[in-house]
There are 2 protein chains.
Amino acid sequence: MLYKKRLMTPGPTEVPPTVLAEAAKPVIHHRTPQFRKVLTEVIAGLKRIFKTEQDLLVFPAAGTGGMESAIVNLCSAGDKILVASCGNFGNRWSTIAKAYGVETDHYEVEWGMSVSPAEIEKRLQADAGIKAVYITLSETSTGAESDVKAIGQIVAKTPAVLVVDAISGLGAIPMETDAWQADVVVAGAQKGFMIPPGLAMVSISKKAWTLAKESKLPKFYFSWEKAQKSMIAEALANTPYTPSVSLIMQMAESLRLIEQEGLDVVWARHAKMAAAAREAMQALGLKLFCTGQPSNVVTSVRVPEGVDGGILFKVIRDTYGITLAGGQGKLKGKIFRIGHLGYADDWDVIAAVAAIERALGEQGFKFQLGVGVSAAQKVFFS
Amino acid sequence: MLYKKRLMTPGPTEVPPTVLAEAAKPVIHHRTPQFRKVLTEVIAGLKRIFKTEQDLLVFPAAGTGGMESAIVNLCSAGDKILVASCGNFGNRWSTIAKAYGVETDHYEVEWGMSVSPAEIEKRLQADAGIKAVYITLSETSTGAESDVKAIGQIVAKTPAVLVVDAISGLGAIPMETDAWQADVVVAGAQKGFMIPPGLAMVSISKKAWTLAKESKLPKFYFSWEKAQKSMIAEALANTPYTPSVSLIMQMAESLRLIEQEGLDVVWARHAKMAAAAREAMQALGLKLFCTGQPSNVVTSVRVPEGVDGGILFKVIRDTYGITLAGGQGKLKGKIFRIGHLGYADDWDVIAAVAAIERALGEQGFKFQLGVGVSAAQKVFFS
């Protein structure tokens with residue numbers, strides 16, 4: 001029987017039809033006025049979504065490439081940074097730093113919790129040598145969010161630079177780069193921006209540029225200086241090497257869709273979807289995994305006793321067509337994650353809850369059929 | 001009046017309709033059996049085009065990222081390498097090496113010429129400390145080709161590793177990775193592979209892996225070891241971070257097209273198109289820029305006296321719809337380049353020659369109308 005394919009992971013997310021159609025158009029050359037006009041518009045549009053008036057660069061890379069750029073452009077070997085991690089992607093900051101010989105004060109909370117701004121303040125006070133603080137806006141692996149605004153106020157009072165991995169979250173949940181004093185913000189294509197993976201975007205404040213001037217780590221592909229020179233300083237919307245032309249064209253269309261809906265409305269839609277997912281899961285008697293501030297882009301749920309998490313995930317995907325996300329690393333089989341991110345609406349969440357109910361029921365889990373869906377409906381109808 | 005848009009640069013190149021259509025399909029998640037199956041097939045297909053049985057890795061990056069990977073994974077700071085350059089892209093090897101503190105014996109021939117295998121042999125004999133030799137299969141900026149086979153025989157006799165930038169050329173002109181003893185071969189998406197830019201492919205021989213084990217340069221995003229572990233060693237067709245899903249799906253379709261035509265036929269088609277372009281330009285009384293071994297993917301032509309190269313290029317593009325390439329760096333305005341690469345056929349070359357004739361005529365350049373086109377026809381009809 002037909003079940004449509006629905007992609008409800010925290011990235012890649014579904015791509016709107018008009019954005020997909022952009023990729024089906026003939027490729028244009030990047031050294032043309034036509035492409036430069038689009039790239040100029042894309043950079044301007046991204047700055048509105050980042051809520052920044054600082055420099056913004058686009059790299060042809062996965063989001064991880066944008067993260068690497070925030071290490072190699074800010075640090076020198078032997079420098080000390082503070083990484084405040086609440087999961088797998090927070091830990092990636094430390095992994096990259098280690099690969100480059102950067103010393104890390106690794107502050108990791110129990111997975112499911114959010115990092116504590118007070119603890120970050122304490123560690124910054126204890127070590128005046130910390131050059132930068134690396135955090136995660138929305139930790140995809142656990143569904144926890146960080147209080148970027150509060151952390152921004154703390155870091156701004158110190159000489160350290162604040163770097164935010166906003167890959168999963170930007171364009172979907174509140175993130176105000178300049179107002180929150182986030183010096184470097186990294187975003188990716190395949191999350192709130194609703195395009196296929198392959199672009200990393202990075203905003204850079206004046207404070208970050210000052211630190212970048214001192215950086216001695218080697219770099220070429222991810223060099224901010226080279227990219228800034230081509231893309232901004234020479235005012236050419238040029239790129240130091242071949243950009244991902246098709247993804248840039250798709251980004252232009254995606255930005256049009258986001259601005260047509262209105263960023264505030266996009267944020268409100270995600271807040272509603274997340275609230276509905278949380279209420280639905282709890283109404284079914286399931287436990288949310290996140291005990292900190294839950295992110296509005298992904299809801300992580302503990303697999304209940306007596307249910308096989310692997311089978312649950314596979315049945316929902318292969319029989320009922322909805323791809324959720326399982327647990328990563330040590331959470332494999334223990335949680336599942338509902339992505340309600342990007343090109344997703346109320347009815348997608350309702351559908352996911354209904355499919356989860358059905359798959360849970362098939363494994364003999366006891367609950368009143370429909371109690372999850374109606375809890376979600378209540379949130380949407382309120 | 002309507003003039004269809006024709007992209008005849010040495011990259012990005014036109015993308016076949018069925019390959020474009022792949023990008024318009026819904027995005028799938030990368031941690032699924034469906035995607036892993038495609039990635040496994042793509043890696044196997046790429047190995048057939050590379051003509052290698054060695055490891056082959058795919059990175060979400062421009063071709064330049066693949067080049068950077070061949071520096072950071074093979075070298076340590078202070079190591080010495082030999083760069084044999086015949087143009088802008090050959091020089092990029094030295095620029096990247098310099099950024100990473102790698103010492104370069106920079107051997108550069110006059111632009112338009114090919115590098116000399118004998119000179120490479122002489123320099124390798126003179127300095128036993130050279131760890132690797134970096135060359136360019138087809139130098140896009142000048143239209144010159146390197147004799148990779150001859151250089152391979154020379155380098156194979158030494159402890160040095162041979163690294164080939166085959167970004168512009170692989171999949172279009174002969175390149176036999178294993179038979180020619182090329183230890184590391186870097187390719188890109190938007191050239192012979194006929195997909196939009198954003199993928200870098202790298203093949204790695206056992207000799208190169210041995211050198212890579214000694215490399216101390218820092219790396220994370222472009223780490224061969226990490227990518228090899230995910231993609232090959234664990235036999236999962238996994239990736240260390242989010243891959244460019246849509247481009248991989250497009251590559252699967254492009255490989256299908258190349259193999260359907262037959263790689264030998266693809267090579268013969270490019271040889272014919274290049275011969276026709278060269279004959280046509282010379283029949284018009286124009287001088288070819290390349291004085292070495294001309295590449296079969298791009299023909300570079302000197303702008304004749306009395307003709308404004310900038311205007312010529314713009315008229316052909318903006319009035320007649322055909323995007324050629326101008327000169328890069330010091331060659332700007334002095335040459336133009338006809339890309340006959342990837343999704344291009346005999347009639348595209350005929351059209352380009354006819355448009356060049358028309359634009360030259362409009363600038364008062366003297367020649368017998370049709371003499372270029374008929375010279376091209378003779379090549380195709382022979």
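Two strands are taken to pair if DSSP finds at least two bridges between them. In the predicted model described here, strand β8 (residues 161-165) of chain A meets that criterion with β9(A), the two being joined in the parallel sense by three bridges. Within this pairing, Asp165(A) lies opposite Val186(A) of β9(A). On β10 (residues 199-204) of chain A, β9(A) has an antiparallel partner, and five bridges connect these two strands. Here Val185(A) faces Ser203(A) of β10(A).

Strand β9 of chain A, which spans residues 184-188, is mostly covered, with five of its five residues buried. Val184(A), Val186(A) and Gly188(A) are directed to one side of β9(A), whereas Val185(A) and Ala187(A) are directed to the other, and all are buried.

In chain B, seven strands make up an open sheet of mixed pairing, arranged in the order β2-β10-β9-β8-β5-β3-β4. From one strand to the next, the twist averages 20°. Strands β5 (residues 130-136) and β8 (residues 161-165) of chain B run parallel and are joined by five bridges. Among the residues of this pairing, Tyr134(B) has Val163(B) of β8(B) as its bridge partner.

The sheet of chain B is also packed against by helix α2 (residues 33-50) of chain B, which touches β2, β9 (184-188) and β10 (199-204) of that chain. The direction of this helix makes about 115° with that of β2(B).

Between the chains, 41 residues of chain A are in contact with 41 residues of chain B. On the side of chain A that touches chain B, the elements giving two or more residues are α1 (17-23), α3 (63-72), α4 (88-99) and α9 (245-261) of chain A. Of these, α3(A) gives the most, contributing four residues. By residue class, this side of chain A comprises 24 nonpolar, 13 polar and four charged residues.

Note on methods
Residues are numbered from 1 along each chain as its sequence is written. Chains are lettered from A and ligands numbered from 1 in the order in which they are written. This is a predicted model: local features need pLDDT of at least 70, side-chain atom pairs count only at pLDDT 80 or more; totals for chains, interfaces and linings use all residues. Two residues are in contact if their C-beta atoms, placed from the backbone, lie within 7 Å. Ala, Val, Leu, Ile, Met, Phe, Trp, Tyr, Cys and Pro count as nonpolar, Asp, Glu, Lys and Arg as charged, and the others, Gly among them, as polar. Axes are lines fitted to C-alpha atoms, for helices over the stretch in contact, and angles run from 0 to 180 degrees between N-to-C directions. A residue is buried if 20 or more other C-beta atoms lie within 10 Å of its own, exposed if 12 or fewer, and partly exposed in between; C-beta atoms are placed from the backbone.
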